[in-house]
Amino acid sequence: MEKAHTKSALKFVKASSQSAVSWSSTTTGMGNPKASSKENTKPQEFRLHTQQRAVKRAMFNYSVATKLYLGEIQKKRIEKLQKMIDEEEVKLLRKEMVPRAQLMPHFDRPFFPQRSNRPLTIPREPSFLKYCSNGLYPFDQAHAWKPIK
């Protein structure tokens, strides 16, 4: 059995090696004159946009820096103007305000508060009836008016 198996394997190897040799000789193109006359391909030149992007980025950075600088100048102008206005107001207030001495209190006539003429308030228990008009509270009206002991 082994011999039959090895014989068939050898036949297959021989057949496949012969077909491979015949196939490789036809596809190499050594005998074909058209394949050897083919020229090498030359790459086309391409241009990157890095230089253009660098110029645009520089212009953008310059515009941002200019905006920031102008904003700082404007802020300084506003602060300077506000400071001048505040100084002018202080000068006017100092001219208008004249320091005057406070009058001395009268120690010979001390202040005695007078008793009020209103009657004293009488305490009473709070009524929850106006709050339980919808019946949420479970107690009767009689329980709400218990006197304070």
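Predicted model: local features only at pLDDT ≥ 70, side-chain atom pairs only at ≥ 80, totals over all residues.

Which residues form a nonpolar patch on the surface? They are Phe-60, Val-64 and Leu-68, and together they have about 280 Å² of accessible area. Let us take Val-64 as an example. This residue lies in helix α3.

How confident is the predictor along the protein chain? The average pLDDT is 77, and 62% of the residues score at least 70. Confidence is highest in helix α3, residues 50–96, with a mean of 96. Confidence is lowest in helix α4, residues 141–144, where the mean is 51.

Let me now turn to the overall architecture. The protein chain contains four helices and zero strands. Read from the N terminus, the order of its elements is therefore written α-α-α-α.

A further point concerns an annotation. The unreviewed UniProt entry assigns a "coiled-coil region" to residues 71–98. In the model, this span is 93% helix and 0% strand, and its end C-alpha atoms are 42 Å apart.

What share of its 149 residues counts as buried? The figure is 2%. The accessible surface amounts to about 16700 Å², and carbon and sulfur atoms account for 61% of that area.

Thank you for your attention.

How values were computed. Residues numbered from 1 in each chain as written. Heavy atoms only, no water. UniProt positions renumbered as here; feature names shortened; annotations may be inferred. Helix = DSSP H or I, 4+ residues; strand = E, 2+ residues; numbered from the N terminus. pLDDT = per-residue confidence, 0-100. Patch = residues over 30% accessible without salt bridge, like charges linked within 9 Å, V, L, I, M, F, W, Y side chains within 5 Å. Areas by Shrake-Rupley, 256 points an atom, 1.4 Å probe, with all protein chains shown as cover. Salt bridge = Lys/Arg side-chain N within 4 Å of Asp/Glu carboxyl O. Buried < 20%, exposed > 50% of the residue type's maximum accessible area, 1.4 Å probe, protein only.
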